[in-house]
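Try each task before you read its solution.

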Amino acid sequence: MNVLVIAVHPHMEQSRINKRWLEELKQHRTVTIHDLYAAYPDERIDVGQEQARLEACDRIVLQFPFYWYSSPPLLKKWLDDVLTYGWAYGSSGDKLHGKQFALAVSTGSPEEAYQAGGRNQFSMSELLKPFQATSNLIGTVFIPPFVLHGIHALSEEELSLNAKRYADYVLQPM
Ligand SMILES: Cc1cc2nc3c(=O)[nH]c(=O)nc-3n(C[C@H](O)[C@H](O)[C@H](O)COP(=O)(O)O)c2cc1C
């Protein structure tokens with residue numbers, strides 16, 4: 001199984017969670033990590049290369065910190081540029097059909113904020129629906145996201161444990 005992790009963080013060097021997650025994944029040879037901001041500092045995405053990468057994998061994992069209830073902007077641009085008509089969707093757009101589509105998201109707010117009546121009012125399941133709808137349109141199988149909440153209260157031990165759980169999630173059997 002080939003797993004492609006698209007990591008999207010505009011300040012990866014200052015990151016605590018996403019950086020730690022990638023360090024853990026680097027110990028696993030079957031995982032390909034693609035750091036979008038590092039690959040495209042000018043944000044000019046090589047669509048052909050991205051599509052080839054996607055075609056070669058069985059599972060796509062989009063990893064990012066939650067920014068304004070969504071992803072950092074380069075991931076939106078990547079979706080706009082790479083998932084083209086006739087390739088990813090449309091009558092002949094079947095290149096990603098049957099692959100798995102996963103999300104790994106870190107949030108500043110704690111878990112209890114993400115529910116009806118909580119600080120953010122909505123659940124992560126509701127807020128991540130645009131990604132699920134995208135997965136639906138491109139014919140991939142959406143698997144339940146991996147979410148780490150309330151990163152500020154997390155100890156080093158908890159983060160280490162979480163990073164191991166993340167690697168298990170990324171490498172779970174298909
Ligand atoms: C521009 C910006 C927007 C953010 N928006 C949210 C948000 O909507 N919900 C939330 O829970 N946290 C939000 N945060 C907090 C980040 O999700 C949090 O700092 C990040 O997940 C931590 O991961 P890292 O250590 O890899 O940077 C935001 C942070 C920034 C800088």
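**Exercise 1. The largest core**

Which residues of the largest nonpolar core touch the most other members?

Before the solution, a word on conventions. The model is predicted, so local features need pLDDT of at least 70 and side-chain atom pairs count only at pLDDT 80 or more, while totals for chains, interfaces and linings use all residues. Residues are numbered from 1 along each chain as its sequence is written, and side-chain values use heavy atoms, with hydrogens and water left out.

*Step 1.* A nonpolar core is a set of buried Ala, Val, Leu, Ile, Met, Phe, Trp, Tyr and Cys residues joined through side-chain atoms within 4.5 Å. Buried means under 20% relative accessible area, exposed means over 50%, and partly exposed lies in between (1.4 Å probe, protein chains only).

*Step 2.* The largest core has 32 residues, and Leu62, Phe64, Trp78 and Phe131 touch the most other members.

*Step 3.* Ask where the members come from. Helices (H or I, at least four residues) and strands (E, at least two) are DSSP runs numbered from the N terminus. At least two core residues come from each of β1, α2 (36-39), β3 (59-65), α4, β4 and α5 (124-127). The most, five residues, come from α4.

*Step 4.* Contact means heavy atoms within 4.5 Å. Leaving aside residues up to four places away in sequence, Leu62 touches Ile6, Leu75, Trp78, Phe101, Ala102, Leu103, Ala104 and Phe131.

*Step 5.* Look beyond it. Another core, of 23 residues, lies apart from this one and includes Met12, Ile17, Leu22 and Ala167.

**Exercise 2. A covered strand and a covered helix**

*Step 1.* Start with β4, where seven of seven residues are buried.

*Step 2.* Find a partner. Two strands pair if DSSP finds at least two bridges between them. β3 and β4 pair in the parallel sense over seven bridges, and Val61 stands opposite Ala102 in β4.

*Step 3.* Turn to α1, where seven of nine residues are buried. These are Ile17, Asn18, Arg20, Trp21, Leu22, Glu24 and Leu25. They pack against β1, β2, β3, β4, β6 (146-148) and α7.

**Exercise 3. Salt bridges**

How many salt bridges does a search of the whole structure find?

*Step 1.* Apply the criterion: a side-chain nitrogen of Lys or Arg within 4 Å of a carboxyl oxygen of Asp or Glu. The search finds seven.

*Step 2.* Glu156 and Arg16 form a salt bridge whose closest N and O atoms are 3.0 Å apart. Glu156 is in helix α7 (residues 156-170) and Arg16 is in the loop between β1 (3-7) and α1, so to speak of sequence, 140 residues separate them. Glu156 is partly exposed at 45% relative accessibility, and Arg16 is partly exposed at 34%.

*Step 3.* Compare the pairs within α4. Lys76 and Asp80 meet in a salt bridge (2.9 Å, N to O). They are four residues apart in helix α4, which means a separation of about one helical turn. Lys76 has a relative accessible area of 48% and counts as partly exposed.

*Step 4.* Continue with Asp81 and Lys77, whose closest N and O atoms are 2.8 Å apart in another salt bridge. This pair too is four residues apart in helix α4, about one helical turn. Salt bridges that share partners also join Arg20, Glu24 and Lys164 into one network.
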